Amino acid sequence: MLKLQSIRPLPTLSAIVRYYASKSFPPHTVVSMPALSPTMTSGNIGTWQKAAGDTISPGDVLVEIETDKAQMDFEFQEDGVLAKILKDSGEKDVAVGNPIAVMVEEGTDVAPFESFTLEDAGGEKAPPAKESGEEAAESSEPADTGSKTSPSTLPKDAPKEESAPEPQESESTGGRLQTSLEREPLASPLAKALALERGVPIKQVKGTGPGGRITKQDIEKFKPASSASSATPTAGAAPAYEDIPASSMRKTIANRLTQSMNQNPHYFVAATVSVSKLLKLRQALNTSADGKYKLSVNDFLIKACAVACKKVPAVNSSWREIDGQVMIRQHNTVDISVAVATPIGLMTPIVKGVEALGLSSISGQVKDLGKRARDGKLKPEEYQGGTFTISNMGMNAAIDRFTAVINPPQAGILAVGTTQKVAIPSSIEEGNGVEWDDQVVVTGSFDHKVVDGAVGGEWIREFKKVVENPLEMLL
């Protein structure tokens, strides 16, 4: 009978470490893949900062882990020695909870662990089941639906219906006799659609399905006899395309935006807003700042969003399903998610409590969050959450306007185009005099489940009012 040896408890790592002792190995601790965000189910192993035999102190970075949002450092919080690495750098889709390394106390001989394997650590658990084989879409906040009828909450031993046997197609179509020239080829609807899309003459395709039925695979493999010689690329010719594997973050973006468009009934409200006074105020404040800060137009617009959200709080809300109850959660603070383009995809770091912040504080936080977002150094709490989002493409002079997809579970997002000079009737000169006005087109996307059309229009009106009278932001 195997006698388990006692191991000193490590309470601070109870969520990411389990303890294990086996036949011939000294007392040790198995380090498992941590959950670095509330919705993380798996991660990729980056660069190990420690090697087998290295001593580790609290706060030392053990390994870099790529989540679906960023590259993050896994900091160890206990003293010890790294005895064995179980998952090498570059390992993909390691499920949360699966063993990645073995730790021992200082003074313990690590030589016996050279033969330590994943099986000695208890083996790997199967990755969590994904509906339709896709990754679960990640909301801007941790999921909180409270649903008890989702597939993941059903008991594993629940009886399943037996699948019906596949019907066998008859080799005879039952149609009238036709000549070979006028007979319609027997093909699946998918094959017909694909042939039409690719311009494949379907009558020249030989079917390999039941009864000579043409399948999708037959269309994909079809090569015209006349162009067979030209279909083979010549030596040294550049390939026609390149397949680039989708990153974890790209998959998450795809799933979340698809979920948002499918589940949130979007409607759009646009307005042309004068920013001439705002630009003059910005210039005056930056001139008097003595280099302490440098305000951008986006800093003013973020503040204006917060002002509008406080005046129209229905927009500063989100749709919630908790314990079977559907509710609209109205937030008391305005946390603005700011869309930032990064090398690995779009991220939305959050400026929290904007309604209580000054413009210089907003500017400083946006610059800091944007830099760390591009460097992949954001913490989960810095990009998960938010009550409203702003996406500004004004730096691109070709974009006069655009619409944005709502960042769930939020109920609204504002899309900002570039600044344009527009001739308007002069307020000073009489007659036909004109003057130039700096204007931007903004478009609000709202979730109709939470925000009615009139309410979305009211929010745009309040936003326009404060932007065109920017001194109100200083009150």
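Reading strands, burial and confidence in a predicted model

Strand 6, residues 71-75, has a covered face made of Met72 and Phe74 and an uncovered face made of Gln71, Asp73 and Glu75. The model is predicted.

Q: Why do the residues of a strand fall into two faces?
A: In a regular strand, side chains alternate between the two faces of the sheet. In strand 6, Met72 and Phe74 lie on the covered face, while Gln71, Asp73 and Glu75 lie on the uncovered one.

Q: Which strand is joined to strand 6, and how do the two run?
A: Strand 5, residues 61-66, is joined to strand 6 by five bridges, and the two run antiparallel. One of the residues to look at is Glu66, whose bridge partner in strand 6 is Gln71. Gln71 also belongs to the uncovered face of strand 6.

Q: Is Ser363 buried or exposed?
A: A residue counts as buried when its relative accessible area is under 20%. Ser363 has 2% relative accessibility, so it is buried. Ser363 sits in helix 7, which spans residues 359-374.

Q: What does Ser363 touch, leaving aside its neighbours within four places in sequence?
A: Ser363 is in contact with Lys294, Leu295 and Asp299. With Asp299 there is also a polar contact between the two side chains, at 3.0 Å.

Q: Where is Ser391, and is Ser391 buried or exposed?
A: Ser391 is part of strand 17, residues 388-392. Its relative accessibility is 13%, so Ser391 counts as buried. Not counting residues up to four places away in sequence, Ser391 touches Ala339, Phe402, Ile413, Leu414, Ala415 and Val416.

Q: What does the protein chain as a whole contain?
A: The protein chain has eight helices and 20 strands. Of its 475 residues, 41% are buried. The chain exposes about 27300 Å², and carbon and sulfur atoms supply 53% of that area.

Q: How much of the contact set links residues 24 or more positions apart?
A: Among contacts in the protein chain with a separation of 6 or more, 62% are between residues 24 or more positions apart.

Q: Where does pLDDT stay under 50?
A: The average pLDDT of the protein chain is 80, and 79% of the residues score at least 70. Residues 158-182 stay under 50, and the model gives this stretch seven contacts beyond four places in sequence. Residues 227-232 are also below 50, with zero contacts in the model beyond near neighbours in sequence.

Definitions and conventions. Residues are numbered from 1 along each chain as its sequence is written. Side-chain values use heavy atoms; hydrogens and water are left out. Helices (H or I, at least four residues) and strands (E, at least two) are DSSP runs, numbered from the N terminus. Buried means under 20% relative accessible area, exposed over 50%, partly exposed in between (1.4 Å probe, protein chains only). Contact means heavy atoms within 4.5 Å. A polar contact is a pair of N or O atoms within 3.5 Å; within protein, one must be able to donate a hydrogen and the other to accept it, and residues adjacent in sequence count only if both atoms are side-chain atoms. Two strands pair if DSSP finds at least two bridges between them. pLDDT is the predictor's confidence in each residue, from 0 to 100. Accessible areas come from the Shrake-Rupley method with a 1.4 Å probe; for residues, only the protein chains shown count as cover.
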